[in-house]
Structures are given as structure tokens and as C-alpha cells.
Amino acid sequence: MEQQDQRNFIIFMVIAVTVLLGYQALVLEPEAERRQAIQEQTRVEQELQAEIAPPVERAATVQEALGRDARITFDSPKLDGSIRLEGALIDDLNLKEHFETVDRQKEVRLFRPEAVDNAYYASWFWIGEQNRPVANLGVTWEVVAGGTLTPETPVTLRYEGAGVRIDRQVSIDDNYLFTFSDTLTNLGTEQRYLRPYGAILRHGEWKAFMDAVTPKASQDRG
């Protein structure tokens, strides 16, 4: 190999190695770190979900599930249903202007209790240190003010535990909006770090859920 060819070959190898190292440093390693971060976040979320929603005994029907728990009812021009005091869970919600059949006898049920098949519900609580829920779906709130929740009459709930007290005013408007306004009180002497966490959870496959909400709905969608 002539001297010029050797020089060109060495230059090519230096460039190739530089490109390879740069690709590894700028693309492969960040991508590997990103995937690892996603896996870790997924693991944390799965552990958190397990603590948020402890296992419950299954119920045969929605009405059976609703009859098991202490609840406050709500009624507005668009919605009616109830909030489960265990977990302060909105899990019983009907659409007053929408019906399962043309005879308009049965309202469409959107949210379904956790204990039934194809459950669908919404929750709002707080996460403390080490990603531990301060008030998960298994804790019970007490009613400290109000009765039936309506647009004119909000309700106040309270939970006390894990070193904090949470006073929650629940209100509903004339349409579809619920508002949770929380006041947290530190019952200890050490500084606490808490963050809000909202979740809408649905169990089961979407077709089964659609059929549970509106019979044969999934077949209509093909």
C-alpha cells in the first residue's frame, strides 16, 4: 500500500471510529437511559396503583356493589349518582339526558363501582414521601358538612391519617364539572412534601365496557 493510501486509510478509520463513538454517546446511551427511565416509571406507577386500589370483593351487580358502601348522593341537571366515602370515589354516575333505548326509561351509566366487572371510576388524593399515597382508595372519609350534593349545596369531607388532615369541599355545577378543593393540615412537627394525584381507572376490555354501558354498542362500532 502506497504512503498516500495508508494515510487516507488511517484518516478514514479515525473518522469512522469518531462517528461510531459519537453515535453511541449521543444516540445509543441517551436512548438506553430513556428506556430505563420509562421502565422505572412504569414500575413505580404499578406499585402505586397497587397501593391506590387494594383488592376488593367482587359484586354480582351494580346495585349490590352500591349497597355495600356508605355514600353521599349527588344530583344536577346533567348528572346523578353517588360518591363512595371509602376513597372519596366517584364511581356511580349516570347521564340524565342520555338513555340506553329510545323509550328513555334507563339512563346511560358512565361510572361503575370498583367491585363490578368493567368498573370505571375517578379519584383524587395525595402522594407523600417515597411515592406513598396519603389517602388511597381504601381509606374512609367522613361527612362534616352538607347532605345531598347539588349545584347549590356543596359537601365537605374529611380524612385524618398518615400525619395529616385533609378537608375536602366537593361541588358540582349545572353541567358535568366536579370540583374538589382540598385544605391540608400537617398534624406533625416535621416538614411534609405532598403532591396531588388524580386518576381515572377503567377495568376490562373496551368492548365489554361499551356493552356494559350501552348494550350492543361495540357491535355498532364494528
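I began with the nonpolar cores, taken as sets of buried Ala, Val, Leu, Ile, Met, Phe, Trp, Tyr and Cys residues joined through side-chain atoms within 4.5 Å, and found that the largest has 29 residues, with Phe74, Leu93, Trp141, Leu149, Leu157, Ile166 and Phe178 making the most contacts inside it. Buried here means under 20% relative accessible area, exposed over 50%, and partly exposed in between (1.4 Å probe, protein chains only).

I noted that this is a predicted model, in which local features need pLDDT of at least 70 and side-chain atom pairs count only at pLDDT 80 or more, while totals for chains, interfaces and linings use all residues. Residues are numbered from 1 along each chain as its sequence is written, and side-chain values use heavy atoms, with hydrogens and water left out.

Helices (H or I, at least four residues) and strands (E, at least two) are DSSP runs, numbered from the N terminus.

For Ile166, I set aside neighbours within four places in sequence and listed its contacts (heavy atoms within 4.5 Å), among them Trp126, Val134, Trp141, Leu157, Asp182 and Leu184. Another core, of nine residues, lies apart from the largest one and includes Leu89, Ala119, Tyr197 and Leu201.

Turning to the whole protein, I counted four helices and ten strands, in the order α-α-β-β-β-β-β-β-β-β-β-β-α-α along the sequence. Buried residues make up 34% of the 222 residues.
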